[in-house]
Amino acid sequence: YLEKVNSVITSFEFIEKSGEVTAPKYETDERGYILASDKKLCGFTMYVPSAYKVDYSSGMVSVSRDDGTSINMSTATYTNVDKEKYWEHRLGELEVLADRTVDGEGKEITTVRTIATEVDVTADVFGDAGGIIVKWASAFEYTYSLGGADYHVYQVLIRNGMTGYVFTYTASEANYATHLTEAKSVLSEIEF
């Protein structure tokens, strides 16, 4: 099929844009926070401060700030496992993604560093206000290097009824502490 693929590629035509491109309008609450999710598609309602822009909103929601800080939330895709197995699987995925280095003995090592694992945050984050039913929520914190940059992640696995969700806050090491409280506030106000 290479010949057919090449004929498709050579028939691409780039044209000048016409008309005006306008940014989508998002519903806001009384604080000016943006509704970044569609509960019918993803199963939850998530509002974020107006400093974030919505990068993607469907079954998964992804928002980011100008400095590269991001918040993502989606239904868990690796299911029917306990928290420990989920984290073990996630760590394996990260080790493939993250930069690898060689230690002093010549052994290849990953630059993923687990800071805290399986911290129960159910009561701290969700409490029992508003009738939110969260069976459990566990936080994991880790850092990794990719493309020469260091990233810091706060990730929370949430079980609401029979559905699992993953909330991920990612920032450069330099920006992590700056927006962490804000990210936790966004998490605590999510409605299922």
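Thr69 is found in the loop between S4 and S5; strands (E, at least two residues) and helices (H or I, at least four) are DSSP runs, numbered from the N terminus. This is a predicted model, in which local features need pLDDT of at least 70 and side-chain atom pairs count only at pLDDT 80 or more, while totals for chains, interfaces and linings use all residues. Residues are numbered from 1 along each chain as its sequence is written, and side-chain values use heavy atoms, with hydrogens and water left out.

Thr69 counts as buried because its relative accessibility is 0%; buried means under 20% relative accessible area, exposed over 50%, and partly exposed in between (1.4 Å probe, protein chains only). Not counting residues up to four places away in sequence, Thr69 touches residues including Tyr52, Val63, Tyr169 and His179, where contact means heavy atoms within 4.5 Å.

## The largest nonpolar core

The largest nonpolar core has 28 residues, and Phe44, Met46, Ile71, Ile158, Phe167 and Tyr169 are those with the most contacts inside it. Such a core is a set of buried Ala, Val, Leu, Ile, Met, Phe, Trp, Tyr and Cys residues joined through side-chain atoms within 4.5 Å. Elements that each supply at least two residues of this core include S5 (70-75), S11 (163-172) and H5 (176-188). H5 gives the most, with 5 residues.

## Strand S9

S9 is mostly covered, as 9 of its 11 residues are buried. S9 and S10 run antiparallel and are joined by 11 bridges; two strands pair if DSSP finds at least two bridges between them. Trp136 stands opposite Arg159 in S10.
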